Amino acid sequence: MKPERFAIAAAVLVLFAGTGTGQDIDKLLETASQREEKGIYQIALEKYREAAEALVKKSAEAPEDAETKNMLRSVREGLMRCLRMTGAYEDSLAQADLLISGGFGDEAKVQAAVFKGEILFLTGKVDESKAVFEDLFKSNPRTLKSILFLGLVEKECGRREEAYKWFDRFTQLWLTEEFDKTDENLLAIALGAMEMTYRHQDMAEDAQRIIDGIIEKNPKKVEAHVALGNLLMTKYVVDRKSFNDALKINPNFPDARVGLAACYLSRYDNRKAMEEARRALQINPRHVDALLMCAAVDVSDQMYDAAAASVDKALAVNPRNLQALSMSAGIDLMKGRKEKYEETRKRVLGQNPIYGEFYHTVAAMMQGRRLEEVVALERGAVKADPMLWIGHIDLGISLSRMGLVDEAKKSLEIGFKGDSYHVQARNLLTLFDDYGEFVTRKTGNFEMLYHKNDQEVMAHYTAGLLERAWKEMSERYGFKPRIPVRMEMFRQMRDFATRTIGLPGLGALGACFGPLITMNSPYAFKPDGFNWASTAWHEFAHVVTLQQSDGRIPRWFTEGISVYEERLGHPSWYRNDFREFMGRAHAGKLIPIGLLNPEFTRGRVLLAYFHASWVVEFIASEFGFAKVVEMIKEYGRDKNDAEAVKGALGIGMEELDRRFQAWLMKRFGRFELTPLYYPEEIDELKLHTMERPDDAGGFLRLARACLQNGRTADAEVNAGRAMGIDPSLPGPYALLGELFYIKKNFEQAGKYLKLALEKGEKNYAVHLLMGHVALNRDQKDDAIGHFEKSLAAFPEYIGDDGPYVMLKNLYESKGQEDKMLGIMEELALRSENNVQRRLELAFIYRKKGMNAKFIEMCRQIISIWPYRIAGAPMRFDTHFELAKALLAEKKPAEALDEAKMALSEAHFGDVPSEGKEEVEIRLVAAEAAIEAGDKEEAGRQIDEVLEVLDPGNEKALELRKRLKGE
């Protein structure tokens, strides 16, 4: 509560003490003030209006009553504030005019005029706003907000020098301390200092000290907390705390919600960013910054129609808003409407000739995908405004994503000199300085950068893999990307994240910008961390689709193609999200294809990748792969989803969805799965049971949703209700059986699960649990039967408690080696990143002399972890073992390559070699070299053994004789 309102409330108590009317007005004002402080604006407005009505009547009866006049002033100020907070700007202005003309005194007149000028500025009435503040400054130069807004008006119109003259007055005021030290004045000085940071970076620290002082003196000053959060964002410190501190005071302060949304968006959390922006709009549907935040999130998700709707709403409030106009132009450009883009560009630069942010905003909307256009736009931005430091920095980032590192560094250095707070610029420049530790390797179509400790091993494998990808995909898509494609690999996750987005903490394995692939080295993870080979293949597919569409392909389609390509690249590159995917299909809850893009940032991300890949496979299967290529080309012509689908496939989006889901159920409908529900759907399911209390299926769906989301007590109750309504329904028995199993009551679990099967339940989980119940009773044959049925019902479940692992152990215990091996092979095939399962198979293949399968398994291991393995049942040198197997298969050249890999220092990783091992490896290398006809290499390896490691070694002496032809 502001101090002046406490004084006026006290006056009310004196004025109306002992009268019914006075008590009523006092209660109204107390309620209104409390509700306003908490952001409950509609109730506050209602109470202020009631109080105003009573006070206007009272004032008419006693026009000279000063106390009544003061109270009416307080009420009008409350109305003015609340109306602004809720977006009723015209009504708020009306209240300001009443305060200005109502004879409430000079102080009230000045405050109302400031408020009026702010609203006029906010709604784009710049000339009217300027006139208000000029009058204020002339009559009262100590009204600091008039200085601030006169500067902002000049800045808005592109008159930077005039703007800085106004802002510089704050510096003089701050140094001389010739101003009233009110919170409002201090905040105005801090905001003015923030505007000066383009020229004087250190003023950001001055601004922060001023705001910190305001908060220390008045911790409930909401505006100060928001100003601090916004200031820290300009210093690239994502400070949710400041905005949350504001929201603790007033949970409905729209500016705080927007600030929080900006924090989330800067960390790529689009879902929370949109949630916060929408919460701001629930309070104020005309909040321009909240509308533009929604648009920014939708643009990030390539939802351009939704973004355009938000921008149009913002422009309806403020037709001059430069950011909104820039975003509108960017959307037009994205949709191929170049004439409208140009029209808006001229309009913006007509309002502000040095508004480089226009080009920068449009470039940012392209998200680094249309790099040549982005670079051209950022060049336009810094040409229009050479002091737009973020423009120089983002130009550098974009140039770096084109692989032009030296040119990128120049732009980054210019930007960083002007804005040394910019974290991304600092991180990237530091990383580029470290490139002396990296080595470049070139192949026919690629330029590849590796850390010097990685290049011996990784260059060999990635070069072969990517050249194969080039050959296969260029033929498949009828398109050859521009060469060389640059690939950079990093041994540290933080370096990969820095190279990709300039910040640590990127939750990805690889990234692609068209001409550039960035990715983690397998060394950045532990064994089983990820499959680097499938990642490289995935990212190269992006090279093809991004370049073929000129960066216009939507995210869902390019990601869908890349995951689809993984399945084509190798059978073991196998994403396994079938349980969730088909569970959602059975629940009728699959996301429509046209809404897949936001799922990559706001929804279930991994499921979105999987879903999109099967849409691509459906199109390739049902329409022919040429139609996939045609869709890429359609997107390249600036078509949206509906237009691209219609142009390539000849059908609409609804028909595509319908046919896809029918195809999906035909292909995977054999999977015996129950529907899958998310926590947020429980209330909807519960409402259904309330509306239809006799629907047993409804209670069963609710019970399943509760069980799947950890609400076991509710699951049990609703399963019982379903059973009571329809005892013939098998699902409730299965569900109760699972509940008893969770409680470790295996007797009851077995009873209900058996009843479920007898009543016709089709659910792999029932057989799985029955298998575990049988194992608990030591009934191995029954367990095998149930696990086999579970596997047949749903062969994609690979958990440690699943049928593959259980059957492997049971077959092994019964000596059924062939069955055990078959199960292990299927399990490994479905476990893309699992080294241990592949090692187990490799040992079996080696023991059984199954050389071809052993070689394939070693290669799969290398695609996950190309270094020595310390944690296996025995130390396993994959390259050495592979070299021996290849030599036995009469493939000496390949064997020699693998032996060299085994000798590479980089290959050892954290597992050092031993002298005896090195001798054995060199002897294999020598033998392979002899058989490959490389006598020089053979001689080097033999000499190293006989002259350094093991003089007199019999095998080496024998090989020397062979080499000499003796």
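Helix 16 and helix 17 are roughly antiparallel to each other, because their axes cross at roughly 165 degrees and angles over 145 degrees count as roughly antiparallel. In this predicted model, the axes of helix 16 (residues 288-300) and helix 17 (residues 304-317) come within 8 Å. The crossing of this pair is left-handed. On the side of helix 16, the contact is built from Val288, Leu291, Leu292, Cys294, Ala295, Asp298 and Val299. Helix 17 answers with Tyr304, Ala306, Ala307, Ser310, Val311, Lys313, Ala314 and Val317. Sorted by class, the residues of this contact comprise 12 nonpolar, 1 polar and 2 charged.

Helix 3 passes helix 4 in a left-handed crossing. The residues of the contact divide into 15 nonpolar, 3 polar and 4 charged. Helix 3 brings Tyr41, Ala44, Leu45, Tyr48, Arg49, Ala51, Ala52, Leu55, Val56, Lys58 and Ser59 to the meeting. Facing them in helix 4 are Thr68, Met71, Leu72, Val75, Arg76, Gly78, Leu79, Arg81, Cys82, Leu83 and Met85.

What angle do the axes of helix 43 and helix 44 make where they cross? For helix 43 (residues 817-829) and helix 44 (residues 835-848), the value is roughly 140 degrees, and the axes come within 10 Å. Helix 43 is therefore oblique to helix 44, as the roughly antiparallel label needs an angle over 145 degrees. Glu817, Met820, Leu821, Met824, Glu825, Leu827 and Ala828 of helix 43 make the contact with Arg837, Arg838, Glu840, Leu841, Ile844, Tyr845 and Lys848 of helix 44. By class, these residues split into 8 nonpolar and 6 charged, with no polar residue.

Attention then turns to empty space inside the model. Rolling a probe the size of a water molecule over the atoms shows where such space is left. Searching the whole structure gives 1 cavity of 30 Å³ or more. The largest cavity holds about 40 Å³ of space. Its lining consists of Ser300, Asp301, Gln302, Arg555, Asn597, Phe600 and Thr601. Which element gives the most to this lining? Helix 30 (residues 596-602) does, with 3 residues. In terms of class, the lining of the largest cavity counts 1 nonpolar, 4 polar and 2 charged residues. Ser300, one of the lining residues, is also the residue at which helix 16 (residues 288-300) ends.

Two backbone details complete the picture. Most residues other than glycine have a negative phi, and most peptide bonds are trans. Tyr268, by contrast, has a positive phi near 65 degrees. This tyrosine sits in the loop between helix 14 (254-266) and helix 15 (270-283). The other detail is a cis peptide bond, which joins Ile483 and Pro484 with omega at about 0 degrees. Pro484 is found in the loop that runs between helix 25 (455-477) and strand 3 (485-490).

Methods:
Residues numbered from 1 in each chain as written. Predicted model: local features only at pLDDT ≥ 70, side-chain atom pairs only at ≥ 80, totals over all residues. Heavy atoms only, no water. 1 Å grid on protein atoms, 1.4 Å probe; cavity = no way out; pocket = protein on both sides within 12 Å on 5 of 7 lines; lining within 4 Å. Points joined across faces, edges and corners; volume = space filled by probe spheres on them. Helix = DSSP H or I, 4+ residues; strand = E, 2+ residues; numbered from the N terminus. Nonpolar A, V, L, I, M, F, W, Y, C, P; charged D, E, K, R; others polar. Left-handed = near helix turned anticlockwise from the far one by under 90°. Contact = heavy atoms within 4.5 Å. Axes fitted to C-alpha atoms, helices over the stretch in contact; angles between N-to-C directions. Parallel < 35°, antiparallel > 145°, perpendicular 65-115°, else oblique.
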